[in-house]
Structures are given as structure tokens and as C-alpha cells.
Amino acid sequence: MKITEFLKHNYRHFNAAALIDAAEAYKTHIDSGKKMMVTLAGAMSTAELGISFAEMIRQDKVQIISCTGANLEEDLMNLVAHSHYERVPNYRDLTPQQEWDLLEKGLNRVTDTCIPEEEAFRRLQQHIFDIWKDAEEKGERYFPHEFMYKLIRSGVLEQYYEIDPKNSWMLAAAEKNLPIIVPGWEDSTLGNIFASYCVKGELKPSTMKSGIEYMTFLSKWYQDNAGTEGVGFFQIGGGIAGDFPICVVPMLYQDLEYKDVPFWSYFCQISDSTTSYGSYSGAVPNEKITWGKLDIDTPKFIVESDATIVAPLIFAIVLGQ
């Protein structure tokens with residue numbers, strides 16, 4: 001039985017049914033010729049979302065991405081250091097001393113998975129610094145994802161590849177030259193490393209384009225690609241990866257006072273955040289109507305579950321698997 005057949009036969013109620021509805025509406029959105037943004041929060045790259053997400057990119061099921069700086073870099077870390085990762089199935093039982101022991105081994109834990117500092121962080125650092133420095137010496141400035149694309153296209157990482165390259169969503173995105181929005185990039189390992197070079201006087205902050213420049217880029221991209229019906233918004237998790245880009249629509253028609261700016265025309269959020277007071281991740285989709293992000297008739301879905309389980313299943317349906 002195909003994955004889609006299994007899901008449609010068994011997923012009939014509650015969050016399971018919401019998963020099916022969201023996936024079918026995603027397909028309808030893409031098949032009608034409209035474009036889709038996918039936003040990645042959390043540690044989806046370390047959860048190896050690339051196994052399914054890379055194929056979504058290759059098959060043109062996503063046209064723009066917004067992600068945290070961590071997701072941007074951790075896909076490449078997994079690509080070049082996978083065999084050095086350590087899984088800790090009993091992570092809930094670790095004592096502070098055991099956590100300290102992991103630190104001393106150079107293993108940074110993300111839930112049940114430890115990222116190796118030397119093989120992952122430092123391996124990227126030694127090459128990305130050369131690219132940052134070269135741009136600065138030429139008086140050039142780029143976005144964080146553009147520097148990562150330069151790193152990929154340089155070929156210097158190929159010597160380290162430890163997984164099938166087809167399972168890296170960053171490689172797939174680089175091949176398509178897909179636009180990526182990375183709000184708050186400074187809050188990432190490479191962002192911290194870049195800042196450290198600035199503190200030492202070896203790099204200038206201005207070499208890296210800023211979040212404001214990301215928003216101005218996105219405003220033009222949205223106007224060029226939304227047509228009259230808008231772009232879809234598929235949000236994995238919450239936080240800045242979702243909140244930053246969704247604000248471009250109200251900015252365009254409220255702050256810039258542009259006329260005929262279409263709302264986001266599809267919205268789905270996968271989140272395990274319970275509906276709560278004052279929480280962006282826990283806000284129901286209808287709240288976004290009051291902020292001028294979604295229209296009354298925008299198809300809206302929320303799947304309250306673990307994105308590491310749900311996202312690959314929705315992607316499988318969209319891909320017809």
C-alpha cells in the first residue's frame with residue numbers, strides 16, 4: 001500500500017484528519033499554479049527533514065523558504081559529519097553531570113541527537129570564513145544563505161560528504177537557487193562565530209546583509225510572485241521563522257499603503273504548542289485575520305502534533321507517494 005493510500009484509509013479523524021485536509025489543500029494550491037513558502041523552526045534539519053524536504057524542492061512543491069539560522073547550517077552539518085553524530089535515546093534521564101560529560105566530549109545535544117563540535121561546527125567554520133573574508137576584501141555583501149550557497153558551490157565540502165547528497169535540502173535549494181529568508185540569523189552557531197570575528201576585528205558586520213534587508217527583499221519577492229491570489233504559507237513550528245515572513249503582507253498594504261496586495265492564500269501550521277494566552281505558536285489561525293495576514297476565506301489548517309512525524313507524511317501526500 002502506498003503511503004498516501006495508507007494515510008487516507010487510516011487518518012480519518014481529529015489531528016489525523018487535519019493532516020489529510022492540509023495535505024490535499026497544499027496539492028490543490030500548487031496544482032492551481034500558486035506558489036508556496038515553507039518555514040522551518042525548531043531543529044528540523046537535525047531531525048533529517050532533508051530526506052523528504054529535498055524532494056519537495058526538486059519537484060517544485062516549494063518556491064521560497066524561511067528558516068532559522070540553525071536549520072540553515074545544521075543541514076550541512078549533517079551532510080559533512082553524520083557518522084560522528086551520537087544518539088542518546090535516554091536523554092530524558094540524563095543527569096547534569098552526564099550533560100557536562102557530553103560538553104567535554106564536544107557533543108552538543110539537541111533532544112536525542114548530539115552534534116559533534118569539531119566535525120560539524122569547525123569543519124564548516126574553516127571554509128566559510130574564507131568565503132566571508134573574500135567577499136569583504138572585494139567590498140561585496142551577501143545574505144547568510146547566499147554565503148552558504150557559495151560554500152556549497154565551491155565544492156570544498158564534497159570531500160566530507162557522509163550522507164547521500166540527495167537527502168540534503170540545502171543542496172537541493174542551492175541547485176534551484178531558491179530564495180531563503182533567515183531572520184535572526186545571528187542566533188545560530190555560525191552567526192555567533194561571525195560575530196566573534198567581528199569582535200576580533202577580522203570581519204566587519206556590514207559584510208553580512210541584515211534582517212531588515214531580508215524583509216525588503218521579501219517584500220519585492222512577494223509582489224513579484226503573489227499575482228492576484230497570493231502565496232501559500234506552510235509553517236513548521238512557530239517562532240521567528242514563521243512570524244517574520246508572514247508579516248510582509250500587512251507591511252505592504254498597511255505601512256506602505258500599496259493597494260491590491262493579496263493575503264496569504266493558504267495557511268497550515270504544524271505545532272505541538274497548545275492554544276494559550278499571548279503565544280504566537282499557540283495562536284489559532286483566525287487570530288492572523290485581525291493582523292491583516294490571512295483573509296476570511298483563506299484555507300486554514302493546524303495540525304497539533306510533532307512536526308518530525310507530521311511533515312514527512314504531508315510531503316509524501318503532496319509528492320504522490
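User: How do the residues of the lining of the largest cavity divide into nonpolar, polar and charged?

Analyst: Happy to start there, keeping in mind that this is a predicted model. The largest cavity holds about 40 Å³ of space. Around that cavity sit Ser45, Glu48, Leu49, Gly50, Ile51, Asp75, Asn78 and Asn167. By class, this lining divides into 2 nonpolar, 4 polar and 2 charged residues.

User: Which elements give two or more residues to the lining of the largest cavity?

Analyst: Let's look at who lines the space: the list includes Gly50, Ile51, Asp75 and Asn78. The elements that supply two or more residues to this lining are helix H3 (50–58) and H4.

User: Which element gives the largest share of the lining of the second largest cavity?

Analyst: Good one to follow up with. The second largest cavity has about 30 Å³ of space, and its lining consists of Ile128, Trp132, Pro144, Phe147, Met148, Trp185, Leu190 and Met208. Two or more of these residues come from each of helix H6 (117–137) and H7. The largest share, 3 residues, comes from H7.

User: How many nonpolar, polar and charged residues does the lining of the second largest cavity have?

Analyst: Among the lining residues are Trp132, Phe147 and Leu190. Sorted by class, the lining has no polar and no charged residues, and the nonpolar count is 8.

User: Are H4 and H7 roughly parallel or roughly antiparallel?

Analyst: The axes of helix H4 (residues 69–81) and helix H7 (residues 144–154) come within 10 Å and cross at roughly 15°. Angles under 35 degrees count as roughly parallel, so H4 and H7 are roughly parallel.

User: Is the crossing of H4 and H7 left-handed or right-handed, and which residues meet there?

Analyst: On the H4 side, Leu72, Glu73 and Leu76 meet Pro144, His145, Met148, Leu151 and Ile152 of H7. The residues of this contact divide into 6 nonpolar, 1 polar and 1 charged. As for the handedness, the crossing of H4 and H7 is left-handed.

User: What is the volume of the largest pocket, and which residues are the closest to its centre?

Analyst: The largest pocket has a volume of about 620 Å³. It is lined by 26 residues, and the closest to its centre are Ala43, Met44, Ala47, Thr111 and Thr308.

User: Which elements give two or more residues to the lining of the largest pocket, and how does that lining divide by class?

Analyst: Strand S3 (86–87), strand S8 (266–271) and helix H14 (307–318) each give two or more residues to the lining of the largest pocket. The residues of that lining divide into 9 nonpolar, 11 polar and 6 charged.

Notes
Residues numbered from 1 in each chain as written. Predicted model: local features only at pLDDT ≥ 70, side-chain atom pairs only at ≥ 80, totals over all residues. Heavy atoms only, no water. Axes fitted to C-alpha atoms, helices over the stretch in contact; angles between N-to-C directions. Helix = DSSP H or I, 4+ residues; strand = E, 2+ residues; numbered from the N terminus. Parallel < 35°, antiparallel > 145°, perpendicular 65-115°, else oblique. Left-handed = near helix turned anticlockwise from the far one by under 90°. Contact = heavy atoms within 4.5 Å. Nonpolar A, V, L, I, M, F, W, Y, C, P; charged D, E, K, R; others polar. 1 Å grid on protein atoms, 1.4 Å probe; cavity = no way out; pocket = protein on both sides within 12 Å on 5 of 7 lines; lining within 4 Å. Points joined across faces, edges and corners; volume = space filled by probe spheres on them.
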